[in-house]
Each structure stands twice: as structure tokens, then as C-alpha cells.
Amino acid sequence: MAKEPSKACDPSDWDFSDLRAMFICCTLKRSPRRSNTDTLMEVSRQIMRNAGVQVESVRAVDHAIAPGVYPDMTEYGWEEDAWPEIFEAVMAADILVLGTPIWLGERSSVCSTVIERLYSMSGMTNEKGQYLYYGKVGGCLITGNEDGMKHCSSGILYALQHLGYLVGPQADAGWVGEAGPGLSYGDEGSGGPQNAFTQRNTTFMTWNLLHLARMLKEAGGIPAWGNLRDEWDEGCDFGHPNPEYRR
């Protein structure tokens, strides 16, 4: 006899309708080709939609995102750059999820470009004077037919937290099929969408992102003490134990 779900399985106790999430899929496949990474990302997106979250999704390769580390690369010789417009959606979101396939054991080149463009904006500050991404939550999803899921996740999550995103517990999930050429996550018969480990971790990741974003919103973000660049530049040491002779 199947076990009856506990009250903890009822999502109606949670209200996330004031949250927004941005998913950036870094597949190498342009639309309308089916992306296995995007297929996995849809699991997380649907959980969020069911929880009332406003969800936006972008397939980065469909847009002319110029490589570089400046806010608008048209000022540096590129004829067009879609990043400034995408960045507006990134900033409107409380949650950012990056998704990437694995190639040669690494995240895709598209994913690296997106991270570089996120970096291009990271020197800006928010209304409190903190770095721009403070108070936002980040996570990632990975797919592939070779080793590298945890390696890719570690690099992406490190980059996000370094830029200012808050990375909570189990903020990543993924699926890796049999090594070598073969079925990918979304292919019929791959077992990906039925894989209990992947589905559980994707679900846990999604709810952890939601809970952390909820906590941050209710707390008014990260406290603005000890992390204000302009105040530091003006001589406020925030308790840093500088020797007297160095002051």
C-alpha cells in the first residue's frame, strides 16, 4: 500500500507570487531545435510557475550577445549587442538559474559568455551602495553525455557568488547519461525525465532557491554594513584590524 503524503507535501502553505525568476539556457542549439538542457530547466520553471512565480526564460544563443567584459560592447567595436536588454530582465529577477550542456568536461562557451557579461555589470552598485547582485539568488542545471556535472556546477556557482549572488544549499542539479555518443536527457528512452536522482535534486534545488529568495526579500536583502565599496574607499574600515601605523 502506498504511503499517504504528509502535510509537508502540500505546497499551498507557501506564497511566492511576488518573486520573479530568470532562466538563461546556454545550449549551443538555436531555436526551434530541441535543447536537452532546456528540457531539464522546464522542470524547475514549471515548479516555480505552479508556486505563482513570474518566470522568464531566454535561450542565449538566439540573441546577439557580444563577448566581452563591458556593459555594452557596441561601444567597443561590436555592431550589435543584445546583452543590455537581457540584463534588464536579469535585474528584475530575484532568482537567476543558468543551464548548460557539458562539452569536453566544461560548461558551454555560451555559458562562459553569459557569465562574462554578468561580470561586466558587477562593478555597479544597488540603491544601498552594495555590489549590484546583492540580495539575489543563483543556481544552475547541467546536462550531458560525459563526466563533468559537478565540475561545471562548481565553476558556475563560484562565479555567481563571486559576483554577489547568494548561493544556498544544493543549488545545482543535473543529468549525465552513459559516457560517449548516445541518448541525451530529453531523448525518448534516455530515462532522464524518469531519473529519480535528477528529478529529486532539481525539485530540491528549485524550492531552496525559492525559500532563500523569500527570506532575502522579507529581510530586505543583505544588510548594508561591512560591504559598501564607497564607504570603504572613503576610509570606513568596518572594524578591519588595520595596525595603527597603516591608517
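Author: We shall take the overall fold, then the surface, and then several loop residues. The model is a predicted one.

Reader: How many helices and strands does the protein have, and what pattern do they follow along the sequence?

Author: One begins with the count and then reads the order. The protein has 6 helices and 6 strands. Along the sequence they run β-α-β-α-β-β-α-β-α-β-α-α. The radius of gyration is 20 Å, close to the 18 Å from the globule rule for 247 residues, so the protein is as compact as a globular protein of that length. The C-alpha trace spans about 70 × 50 × 35 Å along the principal axes.

Reader: What share of the contacts joins residues 24 or more positions apart?

Author: Here one looks at separation along the chain. Among contacts with a separation of 6 or more, 74% are between residues 24 or more positions apart. As for burial, 45% of the 247 residues count as buried.

Reader: How is the surface to be described, and where do the charges lie on average?

Author: The accessible surface comes to about 13400 Å², and carbon and sulfur atoms hold 53% of that area.

Reader: Which residues are joined by a cis peptide bond?

Author: The omega angle is the quantity to inspect. Ser31 and Pro32 are joined by a cis peptide bond, with omega about 10°. Pro32 belongs to the loop between β1 (20-25) and α1 (36-50).

Reader: Where is Leu104, and is Leu104 buried or exposed?

Author: Leu104 sits in the loop between β3 (95-103) and β4 (106-107). Its relative accessible area is 81%; the cut-off for exposed is over 50%, and Leu104 is therefore exposed. Its backbone also deserves attention: phi of Leu104 is near 55°, a positive value in a residue other than glycine.

Reader: What is the phi of Phe238, and is Phe238 buried or exposed?

Author: Phe238 also is not a glycine, and its phi is positive, at about 50°. This residue lies in the segment after α6 (229-233). With a relative accessible area of 17%, Phe238 is buried, because the cut-off for buried is under 20%.

Reader: Which residues does Asn126 contact beyond its neighbours within four places in sequence?

Author: Location comes before contacts. Asn126 is in the loop between α3 (109-121) and β5 (137-144). Its relative accessibility is 14%, so Asn126 counts as buried. Once neighbours within four places in sequence are left aside, Asn126 is in contact with Tyr131, Leu132 and Tyr134.

Reader: Where is Gly148 found, and how far is Gly148 from Tyr158 in space?

Author: One compares the distance in sequence with the distance in space. Gly148 is in the loop between β5 and α4 (149-163). From Gly148 to Tyr158 there are 10 residues in sequence and 15 Å in space, C-alpha to C-alpha. At 8% relative accessibility, Gly148 counts as buried. Not counting residues up to four places away in sequence, Gly148 touches Ile102 and Gly105.

Note on methods. Residues numbered from 1 in each chain as written. Predicted model: local features only at pLDDT ≥ 70, side-chain atom pairs only at ≥ 80, totals over all residues. Heavy atoms only, no water. Helix = DSSP H or I, 4+ residues; strand = E, 2+ residues; numbered from the N terminus. Rg over C-alpha atoms; globule rule 2.2 N^0.38 Å. Buried < 20%, exposed > 50% of the residue type's maximum accessible area, 1.4 Å probe, protein only. Contact = heavy atoms within 4.5 Å. Areas by Shrake-Rupley, 256 points an atom, 1.4 Å probe, with all protein chains shown as cover.
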